[in-house]
Amino acid sequence: MTTNPTAAFEKTPGWLDWYAGPSRPRFRPPEGAVDAHCHVFGPGEEFPYAPERKYTPCDASKDQLFALRDHLGFTRNVVVQATCHGADNSAMVDALRASGGRARGVATVRPGVSAAELRDLHEAGVRGVRFNFVKRLVDAAPRQDLRDVVERIRPLGWHVVVYFEAGDLAELREFLLSIPVPLVIDHMGRPDVGKDPDGPEFEAFLDFMRARDDIWCKVSCPERLSVSGPAALDGERRAYRDVVPFARRVVEEFPDRVLWGTDWPHPNLTDHMPDDGLLVDFVPHIAPTPALQQALLVDNPVRLYWPDADLTAPDRP
Ligand SMILES: O=C(O)c1cc(C(=O)O)oc(=O)c1
């Protein structure tokens with residue numbers, strides 16, 4: 001019997017494909033800008049999705065990611081391992097290796113990962129691991145397993161990217177603060193933007209950020225967080241207004257610890273799929289001055305992901 005590998009991966013019902021033909025942003029990112037949160041999916045035929053995955057995406061290849069990077073006026077990417085690939089980092093690593101030094105990565109690894117495996121990942125451009133606490137995406141990992149991973153990555157100078165929802169912060173806070181390497185929080189810790197940006201829930205998040213000076217925050221994913229929109233579609237250049245006060249609070253209080261990314265190809269959106277060009281036009285609303293934009297899009301991600309690179313040399317990307 002012959003098998004058709006493409007048919008083996010049928011998208012999760014309701015899954016929206018990434019937006020084809022995005023507009024060109026009106027906001028021009030500063031020279032050397034980094035899209036610090038994006039993914040590659042497969043292609044499934046070449047890089048099969050993990051058996052333990054909670055969703056099956058559409059394919060989104062490295063070449064399509066690099067084309068988007070160029071179209072949006074960005075220079076570099078940080079490719080974050082998506083849960084649909086489990087701890088098989090090959091699609092992400094393949095993207096890093098093909099990027100000519102213009103992409104760094106964040107991996108998912110299992111406890112017991114060997115020093116040799118970690119060295120290979122480092123050599124490919126990986127600089128962190130991701131711990132995911134979002135229950136719809138992964139089964140919970142024992143804390144001891146996560147501590148084991150931290151001890152193994154620590155000598156490499158890596159950080160831990162964490163994805164959790166606002167309601168889980170109180171329970172996670174102590175554990176996260178005990179992790180002895182820098183932390184990077186995905187998507188602002190997923191605040192409920194129907195609540196007050198000056199209210200106790202978001203204050204608890206800001207207070208968590210204040211607890212250490214090596215906790216970073218991605219002010220990303222307004223399309224996921226927004227309740228009232230309007231969506232980044234149909235030329236809307238003032239999209240997701242309800243998310244703006246939350247992101248601005250973070251950018252203004254922690255200007256040297258914030259990162260921004262498209263989150264392309266936007267896993268698990270079922271409501272609408274944003275036009276990535278219009279999503280870039282969200283940036284000046286949350287980082288209104290050129291100095292804040294330079295920090296958010298260039299200086300901060302370069303400090304975290306390319307700390308030793310001489311990015312001014314003409315032969316370097
Ligand atoms: O909210 C999500 O569904 C989501 C999923 C993933 C992933 O599956 O890795 O990554 C993200 O950054 C966001």
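Analyst: Happy to! Before we start, contact here means heavy atoms within 4.5 Å. Please also keep in mind that this is a predicted model.

User: Which residues does Gln293 touch, not counting residues up to four places away in sequence?

Analyst: Gln293 is part of helix 11, residues 290-305. Leaving out residues up to four places away in sequence, its contacts are Phe27, Pro30, Pro284, Ala287, Pro288 and Val298.

User: Is Gln293 buried or exposed?

Analyst: The cut-off for buried is under 20% relative accessible area. Gln293 has a relative accessibility of 11%, so Gln293 counts as buried.

User: How far is the backbone oxygen of Ala287 from a polar atom of the Gln293 side chain?

Analyst: Ala287 is among the residues that Gln293 touches. Between the backbone oxygen of Ala287 and a polar atom of the Gln293 side chain, the distance is 2.9 Å.

User: Why is one side of strand 8 left without a neighbour in the sheet?

Analyst: Nice one! Eight strands make an open sheet with parallel pairing, in the order 1-2-3-4-5-6-7-8. Strand 1 (34-38) and strand 8 (258-259) stand at the edges, so one side of each lacks a neighbour because each has a single partner strand.

User: In strand 8, what is the bridge partner of Cys217?

Analyst: Strand 7, residues 215-218, pairs with strand 8 in the parallel sense over two bridges. The partner of Cys217 in strand 8 is Val258.

User: At about what angle does helix 6 run to strand 7?

Analyst: Helix 6 (residues 200-210) lies across strand 6 (183-185) and strand 7. Its angle to strand 7 is about 135°.

Conventions: Residues numbered from 1 in each chain as written. Predicted model: local features only at pLDDT ≥ 70, side-chain atom pairs only at ≥ 80, totals over all residues. Heavy atoms only, no water. Pairing = 2+ DSSP bridges. Helix = DSSP H or I, 4+ residues; strand = E, 2+ residues; numbered from the N terminus. Axes fitted to C-alpha atoms, helices over the stretch in contact; angles between N-to-C directions. Buried < 20%, exposed > 50% of the residue type's maximum accessible area, 1.4 Å probe, protein only. Polar contact = N/O pair within 3.5 Å; in protein donor to acceptor, adjacent residues only side chain to side chain.
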